[in-house]
Amino acid sequence: MEQNKEKINKFSRGVVGISKVGKICAIIGIVGCAIALIFLAIAAFAYDPFVEYVRANPDTIGNIEINLGEKGNLILVVFDKITLGELIEHKELMMTTLGDAAIECVEGLVSCIITLILMNFIKGMFEKLEKSESPFNTDLNKDLKKSFIALTLLVLINASWIVAAIVGLTLVIVYYLYQYGTSLQKDVDETI
């Protein structure tokens with residue numbers, strides 16, 4: 001029994017350290033997405049000066065090749081190659097491209113924020129687990145539920161809703177199993 005508790009404590013210390021690294025990465029991601037959104041907004045609102053600059057420097061900037069992606073329903077991604085000079089000549093395509101990039105940046109920003117929140121939940125849970133006598137502790141129920149919801153939202157943003165539904169339902173099962181283990185632990189503690 002004591003050997004298992006030591007293994008849990010050792011694992012908990014490792015997870016707490018990893019969660020700190022995860023939080024740092026999430027903060028870097030949030031800053032990167034925010035900077036990208038600022039540049040996209042500048043490009044969208046300063047379209048005319050941008051066009052003039054590209055036209056004034058056609059050899060330097062106008063020949064930059066850009067891949068415009070179109071996502072399909074399968075794992076297939078089709079790329080159309082276009083130069084920056086050709087892209088700015090088609091304002092509607094340029095605005096659509098900037099809008100798509102902005103949507104991806106917002107998705108990345110939300111993913112990073114949810115990751116940051118999730119890392120806080122995980123760190124807190126493992127700190128509580130390290131201090132508790134038993135891994136089946138009622139103090140962890142709320143944190144476990146919140147982290148499972150955040151994890152399901154993260155999967156929903158980064159994958160399809162079918163995968164998110166499968167992950168969410170699996171986590172619901174794990175949550176109810178944990179609650180059952182907690183109630184059994186409580187019964188054992190009361191009988192002793």
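Trainee: Which residues form a nonpolar patch on the surface?

Mentor: First, the ground rules. This is a predicted model: local features need pLDDT of at least 70, side-chain atom pairs count only at pLDDT 80 or more, and totals for chains, interfaces and linings use all residues. Residues are numbered from 1 along each chain as its sequence is written, and side-chain values use heavy atoms, without hydrogens or water.

Mentor: A patch takes residues with over 30% relative accessible area and no salt bridge; like charges are joined within 9 Å, nonpolar side chains (Val, Leu, Ile, Met, Phe, Trp, Tyr) within 5 Å. A salt bridge puts a side-chain nitrogen of Lys or Arg within 4 Å of a carboxyl oxygen of Asp or Glu. Areas are Shrake-Rupley, 1.4 Å probe, and for residues only the protein chains shown count as cover. Here the patch is Ile27, Val31, Ile35, Ile38, Phe39 and Ile42, with about 570 Å² of accessible area together.

Trainee: Where is isoleucine 27 placed?

Mentor: In helix α1, residues 2–45. Helices are DSSP runs (H or I, at least four residues), strands likewise (E, at least two), numbered from the N terminus. Isoleucine 27 is partly exposed at 44% relative accessible area. The scale: buried is under 20%, exposed over 50%, partly exposed in between (1.4 Å probe, protein chains only).

Trainee: Is serine 147 buried or exposed?

Mentor: Buried, at 3%. Serine 147 belongs to helix α5, residues 140–158. Leaving aside neighbours within four places in sequence, serine 147 contacts Leu118, Phe121 and Met125 (heavy atoms within 4.5 Å).

Trainee: How many disulfides are there?

Mentor: The criterion is two cysteine sulfur atoms within 2.5 Å. The whole structure has 0. Cysteine 33 is in none; its nearest cysteine sulfur, that of cysteine 112, is 4.7 Å away.
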